Every structure is written in C-alpha cells, then in structure tokens.
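Below is a briefing on one protein chain, grouped by topic. Please read it alongside the sequence and the model.

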Amino acid sequence: MVTLLTILLIYQKYTSKEKEPFPDIKFIAASSTSTHLLSFDPNSLDETQWQKLGFSEKQTSTILKYKKIVGGYFTSKEQLKKCYAISEEKFNELESFIVLPETAEKSFSKTFKNIKKEISITGKFNPDRYSVDEWMKIGFSEKQSEAILKYKNYLGGSFISKEKFRDCFIISAENYQKLEPYLLLPEKTPDNFKKMAGNTMGKAKIQYHYFDPNQLDKEGWMMFGFSEKQANTIVNYRDRNLKGSFKNLEELEKCFVISSEKFQEMKPYIKLNTVSTKREDIKQEKTDFSKIDLNAVTFKQLIEFGLDERSAGSMIGFRKKLGGFVNKQQILDTYNIDKEIVQKLISMAPLDPSGVPKYTLTEAPEEWLKNHPYFKYSADKIIYYRISNPDDRKIWKFLKLKPEYEERMRWYTK
C-alpha cells in the first residue's frame, strides 16, 4: 500500500506541472525573388537567370524577344520597364538592383546606332578610295557613309593617317578597333600636315577633261568634285527643269549647286552639243498608254501624257513609298495631282499589282512597317503585339482600327 501511495503522489506531482505555452506560428509567403538579390545587368542575363529572378518560362521568352526588337540591347531602365512581361510591381521590386541609366542619353543612343549593325571587313583596304556604297557594304548607314566622305573632303581628299581617320566622329572607338588592322594608311600624321592643309584643305586635285554636260550622268559629275547629292541635283535640274538638255552655258551656270568659281574652273573643258541633245528636236515615237502599266510608267511618260512636273513627281513619289499601287483609286488619292488628267490616264492604262511586295504582320520588316504610308502610324503597336502574339488574326483584333484604315492595310498583307 505504501508503495502504491508513493507512486500516486509522484504521478500527481508530475502531471500538475504547468505546461509551457506553445509559440505562435507565423506562415511566411514565398517571395518571388531571392532575399539576397545583387546588382545585375539585364543585357547579360540568359533564360535561366531571368527565371531565377522569378519569371515564368513564357515571361522569360517574351523579355528576350523584346530585347531583340529594341536592337539586342536595353539602353535604360525606362526602356526595360515598357516590356509587356514585367509588371509594374515586379519592376519596382527589381529597379534598385538594375545596372542601367534611368533614361537613354542622346550620346548613348548615337553610339548604339553606330554599333547596331555589325561591321564586316574582308581584307586590307585604302579608305581614301571607298565610295558611299562601299562604306555601306562594310556596315555603316547611308548617312554615316556620306558623313565619312565629307570628313575626308574636309581633310583635303585624303584621311592622311590612321590618327586622322580615328578622329572622324562617325567612327566609334569600337568600330575603329575593328577597322584599324585593315587600314592601308600611315600610323602617324606627317609633321608638315598643317602647312599642307592650308593649301589643299577642301580642294582635292581634280583632273578635268573635255566633256558634254548633256551626256554626263551622276558618277560623271562626282568625278569633277561634286558630292553625290549635288550630282543628283544637277542631273535632275537638267532632266526635269530643262527637259533633258542644257541649251547654252548660261543655263548650266544658273544651277545653284555650281558656284561661279567652280563654273569658271570647268568652263574651258565644256563642249556643249545642243544639236544632238535637244529633246524637242528628236522625233520620238508616241507612247501607247493603253499598254503602259501604271506601276511602271515613268516621269517622262507622265509629262508626255500632259501632267505637269508637280503632279508627275507626286504620283511617282507616292507609288515609290507604297512599293506600288494595288488599285487605281489610290492614284486619285495622291496629293498635288491634276485629278482630271489622272482620271483619263487610269481609265486608259492597265495596272498590274503582281510585283507589289506584301507581308504578314508577323513577318513584315520593321523598316517597311515604319516607312509605309498605310502602316507607319500602327508600326510600333504591331511590333509590340507580335512579340507575344505571333498570330495575324489576334494582332488585327488588338489594333482596333477604323474599317477604312484596315482595308487599306490589308491590300499590302498576305
């Protein structure tokens, strides 16, 4: 009995102890990003790294496609924020860790444009001999190529040395590093360059020969020291304003891109043959406009039909921007034309739209979208929507265009 009572007392004492309170449980929601985020450059992240930041596979794919659309490189936080796959909340979470400027500076944009197109060189070359087309083949834009030639002319018709070539503001440091091993130029600028420049700056030596200005094409005028733009102006002045020929030297002198000094320089070599070049004296067969395709009719033929230069130029210019007419009504919608004469022309001449370029909205080149008169106002939206919705039917729905605008655009889509 004593033993039993002892056991009961011990049990009672043990069970009567106050139990310690159980701590409250707090459930922590999983964060979409790591709590140990470090600074990062979004331009260097691959698919796996974007997913580690909390983005889904689909979102990651959209971000990388958007990166390609903007040129393969994010230039600022502002640009990255516009990406459809990154919500405002998510962007605010990452913003302080993103290694990019807030907005793209103008100088950065210019540099980016210079390196956007890859420079490609096949072998050693003398840059003094390169034309606009040859600089463009290397990878520069048309405007950049023209600026490079202007800089060369400013130096007196030669780049002189690699040092001077490097000073050309159009050529970035990165592009110069690519070009430098292939340049056939002296490393250093001659000590007497300044003295030489004083005598030759802007006056490259030109070898004149006897010529007929009525037979000279654009390249011929450029050989006499005119820029490509000036040469085009002289040819257009002759062919349009003077209907194909200079009748006398005074008409040539009046061309505004030919200075009086330049005219006197060329004058001893000019052999003007007005007899063989006067177009009004040459009997030409009349054009049969019932057989001339409206997508192939020339400026001269439109003048022959009766249009003035303004109307003919407007019609040819609008056709060029469109890539060709697909129906005759478009021609009547052209600005600055004599509609009465054009109406007679389109009632007589056929129209063949088979050669007009057409694309799907998902495959259309960006440049084509942004320059085409019917697409340029919707180009950015089309480029934006097709990143995550590469389906023409969906893109048309998202655009929500007025019926008349959509109808015009569909003329040029497959």
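**Briefing**

Glu 180 is partly exposed, with a relative accessible area of 21%; buried means under 20% relative accessible area, exposed over 50% and partly exposed in between, with a 1.4 Å probe and protein chains only. This is a predicted model, in which local features need pLDDT of at least 70 and side-chain atom pairs count only at pLDDT 80 or more, while totals for chains, interfaces and linings use all residues. Residues are numbered from 1 along each chain as its sequence is written, and side-chain values use heavy atoms, with hydrogens and water left out.

**Overall**

- The protein chain has 24 helices and zero strands; helices (H or I, at least four residues) and strands (E, at least two) are DSSP runs, numbered from the N terminus.
- Of the 414 residues in the protein chain, 37% are buried.
- Contacts are heavy atoms within 4.5 Å. Among contacts between residues at least 6 apart in sequence, 56% join residues at least 24 apart.

**Salt bridges**

- A salt bridge is a side-chain nitrogen of Lys or Arg within 4 Å of a carboxyl oxygen of Asp or Glu. By this rule there are eleven salt bridges.
- Glu 180 pairs with Lys 162 in a salt bridge of 3.1 Å, N to O. Lys 162 is in helix 9 (residues 162-166) and Glu 180 in the loop between helix 10 (173-179) and helix 11 (193-200), so the pair ties together parts that are 18 residues apart in sequence.
- Lys 162 is buried, at 8% relative accessible area.
- Glu 163 and Lys 188 also form a salt bridge, with the closest N and O atoms 3.5 Å apart. Because Glu 163 lies in helix 9 and Lys 188 in the loop between helix 10 and helix 11, this pair ties together parts that are 25 residues apart in sequence.
- Glu 163 is partly exposed at 25% relative accessibility, while Lys 188 is exposed at 59%.
- Lys 262 and Glu 265 form a salt bridge of 3.8 Å, N to O. Both residues lie in helix 15 (residues 260-266), three residues apart, about one turn of the helix.
- Glu 265 is partly exposed, with a relative accessible area of 36%, and Lys 262 is buried at 13%.

**Aromatic pairs**

- There are 22 aromatic pairs in the structure. Rings of Phe, Tyr and Trp (its six-membered ring) pair if their centres lie within 6.5 Å; planes under 30 degrees apart count as stacked, over 60 as edge-to-face and the rest as tilted.
- One of the pairs is Phe 289 with Phe 305, which is edge-to-face at 4.9 Å centre to centre and 75° between the planes. It links distant parts of the chain, with Phe 289 in the loop between helix 16 (274-277) and helix 17 (299-305) and Phe 305 in helix 17, 16 residues apart.
- Phe 289 is buried, at 8% relative accessible area.
- Tyr 359 and Trp 368 form another edge-to-face pair, 4.8 Å centre to centre with 65° between the planes. Tyr 359 is partly exposed at 26% relative accessible area, whereas Trp 368 is buried at 14%.
- A cluster linked by ring pairs holds Phe 125, Tyr 130, Trp 135, Phe 140, Phe 159, Phe 165 and Tyr 176.

**Charges over rings**

- A charge sits over a ring if NZ of Lys or CZ of Arg is within 6 Å of the ring centre and within 35 degrees of the ring normal.
- The charged end of Lys 262 sits over the ring of Phe 226, 5.3 Å from its centre.
- Lys 90 lies over the face of Phe 55, at 5.2 Å from the ring centre.

**Backbone**

- Ile 160 is not a glycine but has a positive phi of about 70°. This residue is in the loop between helix 8 (142-154) and helix 9, and Ile 160 counts as buried at 17% relative accessibility.
- Asn 336, also not a glycine, has a positive phi of about 55°. Asn 336 lies in the loop between helix 19 (328-332) and helix 20 (339-348) and is partly exposed, with a relative accessible area of 45%.
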